Amino acid sequence: MQHKELPPEVISGIQRILKLDAPSDPLDILTNFSPVDTLNTLFPDESSLSELEAIQAKLATQQQELQSEIDVLRGELRKNQDPGRMQLIQELISELLSQMNRIREKATESEAIVQNITREIQVLDLAKKNLVTSVTALKRLQMLVNALAQLEGLIDAKDYAGISNTLAATKEIFAFFKTYLSIPDVAALAKRLQNAQGRVRTFLDKDFDTLLDPNKPIEPSVIKNACLVVDVLGEDVRHHIIDRYCAFEFKEYRKIFRASDEAGQLDNISRRFSWFRRQLTSYEEEHARIFPESWKVALYLIARFADITRDDLTVALSKAASTLTVAVLLESLQMTLDFESAMSSKYGVPFTEIAKLSSSMSRGTKISAVFEPHMGIFVDAQDKALADMLAPSRGAKSRSSLEGAIAGSSEENPAAVLPSSTELFYFYGQNLEQCAKLSNEKPLLDLSNLHKKWLKLYAEDVLFATIKSSPKSDRERRSVEGRFTEIRNACVVLNTADYCQTTAVELEEKIKEKISDDLREQITLQAERDIFMSVISSAISVLLRELENTCEPAFSAMLKMQWGNVETVSGESPFVGDLVKAIESVLDATRKRIEQKKYLRNFYDKAANLLITRFTNAMVKSRPFKEVGAQQLLIDLQALRACLLRFPQGMESSALSASYARTVTKSTTRLETLLKVVNSPTDPPSGFVSNYTLLVGDSSFSNFQKVLDLKGTPRVEQNNLLDTFLTMTSTMQELETTSFLSSLDMDPPTGSIASSTLTPNSSALSLPSMLTNAANAASSGVLMTPPLGSGPDKGTSSTPEPKREVFSDLRRLVTFAVRKEREKAAGGGSSGGARPS
């Protein structure tokens, strides 16, 4: 029989009746019942089978209780399904519906009776409302007629005081009749009111014209009352009166300062402002008490003056564009700004708000705005001034300028930065303040771009040019004095570049503080700061180059050493003393001239990196060095390490000194490890291989071959050692596939390493890195000749570890297999036969 689950609604109904919303007994679950799970719950282990009978009895009892409950429910169901009872219920429902219909019918009849009773009352209410409205309209109509008659009489008498009150009342009363203009009588009254207002405006125009005519005096009280009438007539009439007044006041101004006349030229702008100040004073003495303060007539006069003057100056600037000088431009702009500031201070209103009172198309525009399109003249003048100021320090003159600045300083107080850099930023500060006072809009942005241009040119034409230019002759460059001159110059350039990039940050913040908000996001000097950081990097590269050149004789002597012929160890090699002396001489000259210790630390890292690289290259080039030679090199390396560890003496940060010491120790320790392996005897071969795996810790065939080459092991002996190495490392699964020897170059360059790193367009030095990754975050660069660089240390690399391969060289693997087969065929013959290369 196929099992079908009950519908969800049936299950929810059963659960609601039986109150099984959250059944605790698994037997009460109606859906997805699992007999296996229930049995596992009842009998969790074998020991629970002993309770089988008790559980059976309990289940039987539950079954009987359920059966009894089912019987009771069936009885109640049969009782409720009695046909007679169901019929009785249906009859009661029908009776209830009939009663509801009768009640609805009676309610409808009652509503009709009430409406019939109140119909006459509603009619009376409507009649009362219409009557009240009519009476009110008639009363107000009578008031309007009387007010109009009174207004017309006052107009005939030109009584402005009475007109202002009566006209205001009349307009207020007439507002009630605006919806009745279709009535002829009301329309006639509206026309009478309009004609009355027209007559009043005519009288006002005449009287205000009389006010402006000195030959026709008029009482101030008349104009005062006329202003009250103007306020009643509305804002449009007030603006009309003010415009007429302003137009009359500036008639003389337009005649005197025509753009075609001499007085209208740019150099006479002061006369414009003087004329207006006199006019404004005349207004305040004669008419300010006449006009209401709320009219702000003085501000309207300033706005009208700004409109006229702005238009005239626009024409004058356009005509004088070809002959306009910076002095005239700045003088005119300064006088304009002073005038605007004076007016704003006098009335306590920003000049832009005053300019908004104008009715012209350019309302809200200040007078000084007309100068902004011509401020390029000012920016060009600053460009020329900067070019003249830096001309003695740029290009071919950069080195002589630097040496002249250094020569002018004393040995006790040497020049830290180039004077031209401080002069440059002082000039920037001055013209920035000047331009910000004149405009904080596009001219200030253009000046900022000019600053960026000359910062870049200063870095390239002054600082980079100083570094790239060399002494007059090769002999002068190689001399001790010439070398220390280069060091001194590089330190000054480094300090100057640091000063420039630091001050550029302050300059950027100052410009952002002064420029308008909508242009602030366009201000950035990040690219220029990056160029100065590139100069610093190149200056450090020059220091490294001079350090390497100073140490070159010692490394050349090291290359000529015959390490394989050394028979005894008797202290340091002769070249070591010269090397340490050369290093300390350069460090002493550099340490006291670099201002910022962070760059000194950077130089220390790279110098140690460079010296260890050159030592390793010379060591590899002068191979083989046998056991005794390796011992001698160990002593020389220890002397070099002691010299390198003395670099950071006097540094304030002990943490940085300790970090530097760890880095140098880590690099030299790996070189010592290599020399210790070389120093190990090759007999027995298994002991030599064991010593290699213990100290180096890799299974690289090529790395082991490098050790044998450095040691100068004969070819025949190498074959036996290589076979032993392959045999032993094939079972050492714990060995790494690479080590610090993986990056050891067996044919390193013999020339200078640091001299090729001076690139003016690079912001980082490409020095060889002797250090392992993550050993020193401050020392950066790509390892050109990495004698002791290594892959990632254990546990520090985020890249997956490569799969270890014992035989990574297929050719070596095949040779090894063929050789073993031959030895087996020969019955255990010698393993020292010829080995293919």
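Modeller: A residue is called buried when its relative accessible area is under 20%, exposed when it is over 50%, and partly exposed in between, with a 1.4 Å probe and protein chains only. This is a predicted model, in which local features need pLDDT of at least 70, side-chain atom pairs count only at pLDDT 80 or more, and totals for chains, interfaces and linings use all residues. Residues are numbered from 1 along each chain as its sequence is written, and side-chain values use heavy atoms, with hydrogens and water left out.

Colleague: What percentage of the residues in the protein is buried?

Modeller: The protein has 837 residues. Of these, the buried share is 40%.

Colleague: How many helices and how many strands does the protein have?

Modeller: Helices (H or I, at least four residues) and strands (E, at least two) are DSSP runs, numbered from the N terminus. By this rule the protein has zero strands, and its helices number 28.

Colleague: Which helix has the highest mean pLDDT?

Modeller: The pLDDT is the predictor's confidence in each residue, from 0 to 100. The protein averages 80, and 81% of its residues score at least 70. Among the elements, helix α18 (residues 474-478) has the lowest mean, 50, whereas the highest, 92, belongs to helix α20.

Colleague: How many contacts does the stretch of residues 757-787 have in the model, beyond near neighbours in sequence?

Modeller: Contact means heavy atoms within 4.5 Å. Over residues 757-787 the pLDDT is below 50. Beyond near neighbours in sequence, the contacts of this stretch in the model number 95.

Colleague: Are helices α4 and α5 roughly parallel or roughly antiparallel?

Modeller: Axes are lines fitted to C-alpha atoms, for helices over the stretch in contact, and angles run from 0 to 180 degrees between N-to-C directions. Angles under 35 degrees count as roughly parallel, over 145 as roughly antiparallel, 65 to 115 as roughly perpendicular and the rest as oblique. The axes of α4 (residues 83-157) and α5 (residues 160-174) come within 9 Å and cross at roughly 155 degrees. Therefore α4 and α5 are roughly antiparallel.

Colleague: How many nonpolar residues does the contact of α4 with α5 have?

Modeller: Ala, Val, Leu, Ile, Met, Phe, Trp, Tyr, Cys and Pro count as nonpolar, Asp, Glu, Lys and Arg as charged, and the others, Gly among them, as polar. The contact includes Met143 and Leu144 of α4 and Ile163 and Phe174 of α5. By class, it has four polar residues and one charged, while the nonpolar ones number 11.

Colleague: Are α14 and α17 roughly parallel or roughly antiparallel?

Modeller: The axes of α14 (residues 376-390) and α17 (residues 442-468) come within 10 Å and cross at roughly 20 degrees. Therefore these helices are roughly parallel.

Colleague: How many charged residues does the contact of α14 with α17 have?

Modeller: Among the residues that make this contact are Asp383 and Leu386 of α14 and Lys453 and Trp454 of α17. The contact divides into nine nonpolar residues, one polar and, as charged residues, three.

Colleague: Is Phe257 buried or exposed?

Modeller: Phe257 lies in the loop between α9 (251-256) and α10 (269-286). Not counting residues up to four places away in sequence, Phe257 touches Ala263, Gly264, Arg271, Arg272, Trp275 and Asp312. Because its relative accessible area is 3%, Phe257 is buried.

Colleague: What distance separates the C-alpha atoms of Phe257 and Arg272?

Modeller: Phe257 and Arg272 are 15 residues apart along the chain. In the model, their C-alpha atoms are separated by 7.5 Å.
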